[in-house]
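This report describes parts of one protein model for a reader who has not seen it before. Please look over the sequence and the structure first.

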Amino acid sequence: MILPITAYGDPVLRKKAKDISADYPKLKELIENMWETMYGAYGVGLAAPQVGLPIRIFMVDTSPFAEDEDLTEEEREELASLKKVFINARILEENGDEWAFNEGCLSIPDIREDVFRKPEISIEYYDEDFNKHTENYKGLAARVIQHEFDHIEGILFTDKLSSLKKRLIKGKLTSISKGKIQVDYRMKFPELKKGR
(Lines give C-alpha, C1' and ligand atoms only; values in the text may rest on other atoms or scores of the structure.)
Protein backbone atom coordinates (compact mmCIF):
# COMPACT_ATOMS: atom_id res chain seq x y z
CA MET A 1 0.00 0.00 0.00
CA ILE A 2 1.37 3.40 -0.95
CA LEU A 3 1.51 5.70 2.07
CA PRO A 4 1.29 9.49 1.84
CA ILE A 5 4.68 11.16 2.17
CA THR A 6 4.86 13.76 4.93
CA ALA A 7 5.70 17.22 3.61
CA TYR A 8 8.15 19.78 4.95
CA GLY A 9 6.78 21.59 8.00
CA ASP A 10 5.32 18.55 9.76
CA PRO A 11 6.73 18.22 13.31
CA VAL A 12 7.39 14.46 12.82
CA LEU A 13 10.25 15.37 10.45
CA ARG A 14 11.94 17.25 13.32
CA LYS A 15 11.70 14.51 15.96
CA LYS A 16 14.66 12.34 16.87
CA ALA A 17 13.19 8.94 16.05
CA LYS A 18 12.99 6.11 18.60
CA ASP A 19 14.56 2.65 18.38
CA ILE A 20 12.18 -0.24 17.78
CA SER A 21 12.28 -3.91 18.78
CA ALA A 22 11.85 -7.00 16.58
CA ASP A 23 8.24 -7.32 17.77
CA TYR A 24 7.23 -3.87 16.47
CA PRO A 25 3.60 -4.31 15.27
CA LYS A 26 3.24 -5.20 11.58
CA LEU A 27 6.91 -4.47 10.88
CA LYS A 28 7.09 -6.58 7.69
CA GLU A 29 3.96 -4.89 6.34
CA LEU A 30 5.35 -1.43 7.15
CA ILE A 31 8.61 -2.23 5.33
CA GLU A 32 6.71 -3.52 2.27
CA ASN A 33 4.55 -0.38 2.25
CA MET A 34 7.61 1.84 2.56
CA TRP A 35 9.31 0.15 -0.42
CA GLU A 36 6.12 0.56 -2.47
CA THR A 37 5.83 4.22 -1.40
CA MET A 38 9.48 4.95 -2.24
CA TYR A 39 9.30 3.35 -5.69
CA GLY A 40 5.94 5.01 -6.39
CA ALA A 41 7.62 8.38 -5.85
CA TYR A 42 10.82 7.42 -7.76
CA GLY A 43 12.92 7.82 -4.62
CA VAL A 44 16.28 6.22 -3.83
CA GLY A 45 15.68 6.35 -0.07
CA LEU A 46 12.84 6.70 2.42
CA ALA A 47 12.78 7.04 6.21
CA ALA A 48 9.89 6.23 8.56
CA PRO A 49 9.43 9.90 9.64
CA GLN A 50 8.62 10.65 5.98
CA VAL A 51 5.55 8.44 6.31
CA GLY A 52 4.64 9.99 9.67
CA LEU A 53 6.33 7.50 12.03
CA PRO A 54 9.04 8.73 14.45
CA ILE A 55 10.87 5.37 14.48
CA ARG A 56 14.42 4.46 13.42
CA ILE A 57 13.85 2.73 10.08
CA PHE A 58 15.03 3.78 6.66
CA MET A 59 15.70 2.06 3.38
CA VAL A 60 17.81 2.78 0.35
CA ASP A 61 17.99 1.47 -3.20
CA THR A 62 20.77 3.26 -5.06
CA SER A 63 20.41 1.31 -8.33
CA PRO A 64 19.16 4.38 -10.31
CA PHE A 65 22.63 5.93 -9.80
CA ALA A 66 24.34 2.85 -11.29
CA GLU A 67 23.72 4.18 -14.81
CA ASP A 68 25.96 7.22 -14.22
CA GLU A 69 28.80 7.03 -16.76
CA ASP A 70 30.98 9.42 -14.70
CA LEU A 71 31.40 6.82 -11.95
CA THR A 72 33.98 4.04 -11.83
CA GLU A 73 32.93 0.47 -12.61
CA GLU A 74 33.40 -0.41 -8.93
CA GLU A 75 31.13 2.46 -7.80
CA ARG A 76 28.47 1.52 -10.36
CA GLU A 77 28.50 -2.11 -9.18
CA GLU A 78 28.14 -1.06 -5.53
CA LEU A 79 25.26 1.30 -6.34
CA ALA A 80 23.52 -1.33 -8.52
CA SER A 81 23.46 -3.83 -5.66
CA LEU A 82 22.73 -1.59 -2.65
CA LYS A 83 19.14 -2.26 -1.59
CA LYS A 84 18.75 -2.44 2.17
CA VAL A 85 16.60 -1.73 5.18
CA PHE A 86 18.39 -0.07 8.12
CA ILE A 87 16.79 -0.39 11.57
CA ASN A 88 18.05 1.40 14.73
CA ALA A 89 21.05 2.67 12.75
CA ARG A 90 23.95 4.56 14.30
CA ILE A 91 26.67 6.21 12.24
CA LEU A 92 29.90 5.35 14.04
CA GLU A 93 32.30 7.44 11.94
CA GLU A 94 32.35 9.89 9.04
CA ASN A 95 35.71 10.44 7.33
CA GLY A 96 37.36 12.30 4.49
CA ASP A 97 37.08 15.75 2.95
CA GLU A 98 33.53 17.03 2.50
CA TRP A 99 32.24 17.09 -1.08
CA ALA A 100 29.19 18.66 -2.65
CA PHE A 101 26.38 16.83 -4.41
CA ASN A 102 22.98 18.07 -5.56
CA GLU A 103 20.39 16.54 -3.20
CA GLY A 104 16.63 16.47 -3.17
CA CYS A 105 14.06 14.94 -0.83
CA LEU A 106 10.61 13.40 -1.32
CA SER A 107 9.33 15.47 1.64
CA ILE A 108 10.64 18.66 0.01
CA PRO A 109 9.64 18.35 -3.66
CA ASP A 110 11.03 20.67 -6.35
CA ILE A 111 13.96 21.90 -4.25
CA ARG A 112 17.43 20.61 -5.06
CA GLU A 113 20.60 22.08 -3.59
CA ASP A 114 24.27 21.21 -3.24
CA VAL A 115 24.95 19.66 0.17
CA PHE A 116 28.40 18.98 1.62
CA ARG A 117 28.98 15.62 3.31
CA LYS A 118 31.97 13.47 4.21
CA PRO A 119 32.64 10.72 1.63
CA GLU A 120 33.10 7.71 3.93
CA ILE A 121 30.98 6.32 6.74
CA SER A 122 30.92 3.40 9.13
CA ILE A 123 27.40 2.43 10.21
CA GLU A 124 25.90 -0.07 12.64
CA TYR A 125 22.32 -1.25 12.08
CA TYR A 126 19.88 -4.15 12.14
CA ASP A 127 18.36 -5.56 8.96
CA GLU A 128 14.66 -6.42 8.66
CA ASP A 129 15.30 -9.82 10.30
CA PHE A 130 17.04 -8.07 13.21
CA ASN A 131 20.52 -9.33 12.35
CA LYS A 132 23.17 -6.80 13.41
CA HIS A 133 25.68 -5.42 10.89
CA THR A 134 28.56 -2.96 10.92
CA GLU A 135 29.48 -1.81 7.42
CA ASN A 136 31.48 0.85 5.60
CA TYR A 137 30.24 2.86 2.63
CA LYS A 138 31.77 5.55 0.48
CA GLY A 139 30.83 8.01 -2.24
CA LEU A 140 27.22 8.19 -3.41
CA ALA A 141 26.20 5.11 -1.40
CA ALA A 142 27.43 6.78 1.79
CA ARG A 143 25.66 10.01 0.84
CA VAL A 144 22.25 8.38 0.32
CA ILE A 145 22.60 6.59 3.66
CA GLN A 146 23.67 9.83 5.42
CA HIS A 147 20.66 11.68 3.96
CA GLU A 148 18.23 9.00 5.21
CA PHE A 149 20.05 8.68 8.54
CA ASP A 150 19.57 12.44 9.03
CA HIS A 151 15.80 11.87 8.76
CA ILE A 152 15.77 9.59 11.81
CA GLU A 153 17.78 12.26 13.65
CA GLY A 154 15.21 14.97 12.80
CA ILE A 155 17.55 16.69 10.30
CA LEU A 156 16.65 17.74 6.75
CA PHE A 157 19.08 18.46 3.92
CA THR A 158 17.92 22.08 3.89
CA ASP A 159 19.40 22.44 7.42
CA LYS A 160 22.85 21.98 5.89
CA LEU A 161 22.54 24.96 3.53
CA SER A 162 24.07 28.40 4.02
CA SER A 163 21.89 31.05 5.65
CA LEU A 164 21.68 32.84 2.28
CA LYS A 165 20.43 29.70 0.51
CA LYS A 166 17.93 29.12 3.32
CA ARG A 167 16.55 32.65 2.87
CA LEU A 168 16.30 32.15 -0.91
CA ILE A 169 14.19 28.98 -0.57
CA LYS A 170 12.08 30.08 2.42
CA GLY A 171 9.05 31.00 0.29
CA LYS A 172 9.19 27.68 -1.57
CA LEU A 173 9.36 25.76 1.72
CA THR A 174 6.31 27.64 3.03
CA SER A 175 4.42 26.77 -0.17
CA ILE A 176 5.31 23.09 0.23
CA SER A 177 4.03 22.96 3.83
CA LYS A 178 0.76 24.58 2.66
CA GLY A 179 0.36 22.09 -0.20
CA LYS A 180 0.74 24.81 -2.87
CA ILE A 181 2.78 22.50 -5.08
CA GLN A 182 2.22 19.99 -7.86
CA VAL A 183 3.51 16.49 -7.06
CA ASP A 184 2.86 13.20 -8.82
CA TYR A 185 2.78 11.11 -5.62
CA ARG A 186 0.59 11.14 -2.48
CA MET A 187 1.58 13.67 0.13
CA LYS A 188 0.31 14.89 3.48
CA PHE A 189 0.74 18.63 3.97
CA PRO A 190 0.87 19.95 7.55
CA GLU A 191 -0.63 23.36 6.84
CA LEU A 192 -3.13 22.46 4.14
CA LYS A 193 -6.41 24.11 5.17
CA LYS A 194 -9.02 21.52 6.12
CA GLY A 195 -12.09 21.23 3.92
CA ARG A 196 -10.40 22.39 0.73
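Predicted model: local features only at pLDDT ≥ 70, side-chain atom pairs only at ≥ 80, totals over all residues.

The largest nonpolar core has 36 residues, and the members touching the most others are Met-34, Leu-46, Ile-57, Met-59 and Ile-108.

Helix 1 gives the largest share, 6 residues. A separate core of 21 residues includes Val-60, Leu-79, Phe-86 and Tyr-125.

Beyond residues up to four places away in sequence, Met-59 touches Ile-31, Met-34, Trp-35 and Glu-148, among others. Glu-148 is listed by UniProt, in an unreviewed entry, under "active site". Glu-148 sits in helix 3, which runs over residues 139-152. Is Glu-148 buried or exposed? Its relative accessibility is 4%, below the 20% limit, so Glu-148 counts as buried. Leaving out neighbours within four places in sequence, the contacts of Glu-148 include Gly-45, Leu-46, Gln-50 and Phe-58.

Helix 4 has 15 residues, which at 1.5 Å a residue should span 21 Å, and this agrees with the 20 Å between its end C-alpha atoms. Helix 4 also has a kink of about 50°, centred on Ile-169. Ile-169 is buried, as are Leu-173, Ile-176 and Ser-177 of this helix. The buried residues of helix 4 pack against strand 6. After helix 4 comes Gly-179, with a positive phi near 80°.

Technical notes
Residues numbered from 1 in each chain as written. Heavy atoms only, no water. Core = buried A, V, L, I, M, F, W, Y, C linked by side-chain atoms within 4.5 Å. Buried < 20%, exposed > 50% of the residue type's maximum accessible area, 1.4 Å probe, protein only. Helix = DSSP H or I, 4+ residues; strand = E, 2+ residues; numbered from the N terminus. Contact = heavy atoms within 4.5 Å. UniProt positions renumbered as here; feature names shortened; annotations may be inferred. Expected span 1.5 Å × (residues − 1). Bend = angle between axes of the 7 residues up to and from the residue.
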